[in-house]
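Please keep the sequence and the structure in view while reading.

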Amino acid sequence: MRELSGVCASLDDVHDQRIVEPAAPVVRSARGLELLGRVLAGSGVDPAAPVLELGPSGELPPLDGPDTAGEPADPLNPLRHAVRLPPRPGRSVDWPGWAPPEVVEAFGRIGVARPWSHQVEGAELAHAGRDVVVATGTASGKSMVYQLPVLTRLVTDPRATALYLAPTKALAADQLRTLRELDLPAMRPATLDGDTPMDERDWIRHHGRWILSNPDMLHRSVLPRHGRWAQFLRRLSVIVVDECHTYRGVFGSHVALLVRRLLRVARRYGAEPVIVLASATVARPAEHACALTGRSVTAVTEDGSPSAGRTVALWEPPLLPELTGENGAPVRRPASTESSRMLADLVLEGARSLAFVRSRRGAETTALGAQRLVADVDRDLVERISAYRGGYLPEERRELEAALMSGELLGVATTNALELGVDIAGLDAVIVAGFPGTRASFWQQAGRAGRASDEALVVLVARDDPMDTYLVHHPRALIGAPVESCVLDPTNPYVLAPQLVCAAAELPITEADVAAVFGGRPAAQLLDELVEDGVLRRRPTGWFWPSTREQPAASVDIRGSGLGQVALVEAGTGRMLGTVDGASAPGTVHPGAVYLHRGESYVVDDLDLDAGVALLHQEEPDWRTDARSTADVDVVAVRSRSDHGPVSVYFGDVRVTGQVVAYQRRAADGAVLETVPLDMPAQELETRAVWYTVDDAALADAGLDPARIPGALHAAEHAAIGLLPLFAICDRWDIGGLSTALHPDTGLPTVFVHDGHPGGAGLAERGHAVLERWLRATRAAIRDCGCRTGCPSCVQSPKCGNGNNPLDKAGAVRVLDIVLQALAAH
């Protein structure tokens, strides 16, 4: 078996803040390796897995296999790499002298005798009036960085108030439970969200001192009626923005402008609150926090908490020769099937384990699969395995959480519902069935495993996806690597324009506001357009919203694409099931589409895009549906161009015209049962893209004749879309692409990758900035995949409108070789 590697003392790792003294030198247990051996044995693989430790300076030893040599991995051994992370002792310090005795005593009552060094470092900055972002590991006690200065202000100033913003209701509810444990009467904490009754909202408005809410509530309720919140806003001393890495893309751009609106209104009432941001993992935290708040922010990144040792296994399920997928492509054993077996093995070993899966239905099926496997060995253990997901009643979730924490439950299959907002740590093992999209999410999920003195096991099981393929073959890209950049663009006109309208309805926008708050010239140009369109009015003192009765915030969706929402309605009952984004509706809820909602299957009867309604009925067909579409990309404006011999690289504005023209019914094995034509309207998207062109002569010199060029470019485009989330926090569904052997605007073979949001979300711009690194990772993902001609793990895409045809895997590698050699030479 290949020698395996250990890595990275700098990795942000896990430890509960209630460990109260500096950790003594940790005696490493072999628990993680023992559990890995059990999982390997369950796969029929030699369980002896030699592991290389870190060198004396914490360096990563040379890696054998595809990470350096490019040789294909052993197809019979699914373990690609195993990495042993060392434990780290903690460093505690004294309480700051300004902390009131009653606050220190309150923390002592919940088990915190002394804080960790990073907690005091961040709290000192906030107490001194400086904006701060704390970016340390999962469960490192980041909450104390803002709790300590906020509680100090609430105790010492009976008039002070504070606002906590979380991306989810669950996270705010978990914070409320923690604050209530502290039992300080001066706090008067309360959650304010869409579920808060009206009479309780009145009490919160008049008496609440620490309000726990979310951006949606701030946008739709608080700021449009800020006069009713004047007392709270006048006394606002601290704003907390938790899990700030979740604010990215279009949503993050909306939240960035929402924070600016909040600060502007607070300033109107005489308040200049300090901002404290927190994230377990965010690239360039100070830069991201500055973009999010519009202010200078100091970063605290040196983690003073202890961490448990951990073994991380990177696992690639084998190809199944008896099955073929689209266009005859090979199929891997599903990650959910592998996870069920691993979960069963770990439960039989007595290890408390979590398996993170991508969907609610997947959580249920993974738990059921593990129960069936365990039942063959020990029926008494079946009841100690369960699923956990959104959609359960709150009391059901609390019961499952308590059972997992107590050890009554040994194995739980869950969605990312247990990633944020629930204080569960110290487990023996975590299985991550498919890379969750970001390193931040991966380490938050992995952080649920590990104890003070017991090593734990984390297994990443790759799905059929280029990103997963790349990561399991390249541990340096996951372990010890910097996390992805959070990309946002508050100047996106599709985001900025509606936010300016909301701001003008709250308070007239002055020239000073344009320059200091909303970004200057782009905002001024949009305000003039809004006046021309009759949306706003211009007076000598600024820009005004003309109505006193209507509030524009109600019609601005801060989480959407800007193209509106389509309501999903059950035809027989009139019950609203949910919504989908207007841009994606033709491809996901077209007539005849099979749509999954909370684990239930529905078939779409009708889609009315003008009315924004899709009618569905519940049905369990034995097929799935895939939309087929056409697309064109027109270059509107080139913002950047660089020439590299036979290759030219561009970034700019494009117009994407797409139309869903048909859908296919597919059997469970992927076989096409029927192709059904559709008459759907074409949709136009003004967005931004990065693209490159390649000279025909260079392609010919590389051995690509004209017949192979379309398939080679198409395969390179697919794989690049799959790998961009490695460099910018996004999902492959947030981006699109087009490849063509002759584009009318360039006159050459061209590959486009574009943002899927109006005006762009900064994703293509990030791709342009890291183009060479991005395309090197793309080439490696294609090269390292064990298939011969292309499969979903490398060049096939689940969203391809052309049915993944044509695709040329070998040709894609040649195209990328040309591009990378040209970039390196110029």
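## A loop and its contacts

In this predicted model, Gly90 sits in the loop that runs between strand E1 (79–85) and helix H2 (101–109). Gly90 has a relative accessibility of 12% and therefore counts as buried. Ser140 is 50 residues away from Gly90 along the chain, and the C-alpha atoms of the two are separated by 10.0 Å.

Arg91 forms a salt bridge with Glu302, in which the closest N and O atoms are 3.7 Å apart. Arg91 belongs to the loop between E1 and H2, whereas Glu302 belongs to the loop between strand E8 (298–300) and strand E9 (310–315), so the pair ties together parts that are 211 residues apart in sequence. Arg91 is partly exposed, with a relative accessible area of 43%, while Glu302, at 53%, counts as exposed.

## Other salt bridges

The structure holds 32 salt bridges. One of them joins Glu772 to Arg776, with 3.1 Å between the closest N and O atoms. Both residues lie in helix H23 (residues 771–784), 4 residues apart, which is about one turn of the helix. Glu772 is partly exposed at 31% relative accessible area, and Arg776 is partly exposed at 41%.

Asp626 forms a salt bridge with Arg624, and here the closest N and O atoms are 2.6 Å apart. Asp626 is buried, with a relative accessible area of 19%; Arg624 is partly exposed at 39%. Elsewhere, Arg38, Arg341, Asp345 and Glu349 are linked in a network of salt bridges.

## Strand E25 and its partners

Which strands pair with E25? Strand E24 (residues 624–644) pairs with E25 in the antiparallel sense over 19 bridges. Gln664 stands opposite Thr675 in E26.

E24 and E25 form a hairpin with 2 residues between them, and Gly645 in the turn has a positive phi of about 65°. Of the 20 residues of E25 (residues 647–666), 14 are buried, so the strand is largely enclosed by the rest of the structure.

## A charged patch on the surface

Glu395, Glu396, Glu399 and Glu408 gather on the surface in a patch of negative charge. Glu399 is part of helix H13 (residues 394–406) and is exposed, with a relative accessible area of 59%.

Technical notes
Residues are numbered from 1 along each chain as its sequence is written. This is a predicted model: local features need pLDDT of at least 70, side-chain atom pairs count only at pLDDT 80 or more; totals for chains, interfaces and linings use all residues. Side-chain values use heavy atoms; hydrogens and water are left out. Patches are made of residues with over 30% relative accessible area and no salt bridge: like charges are joined within 9 Å, nonpolar side chains (Val, Leu, Ile, Met, Phe, Trp, Tyr) within 5 Å. Accessible areas come from the Shrake-Rupley method with a 1.4 Å probe; for residues, only the protein chains shown count as cover. A salt bridge is a side-chain nitrogen of Lys or Arg within 4 Å of a carboxyl oxygen of Asp or Glu. Lys and Arg count as positive and Asp and Glu as negative; His and the chain ends are not counted. The place of a charge is taken as NZ of Lys, CZ of Arg, CG of Asp or CD of Glu. Buried means under 20% relative accessible area, exposed over 50%, partly exposed in between (1.4 Å probe, protein chains only). Two strands pair if DSSP finds at least two bridges between them.
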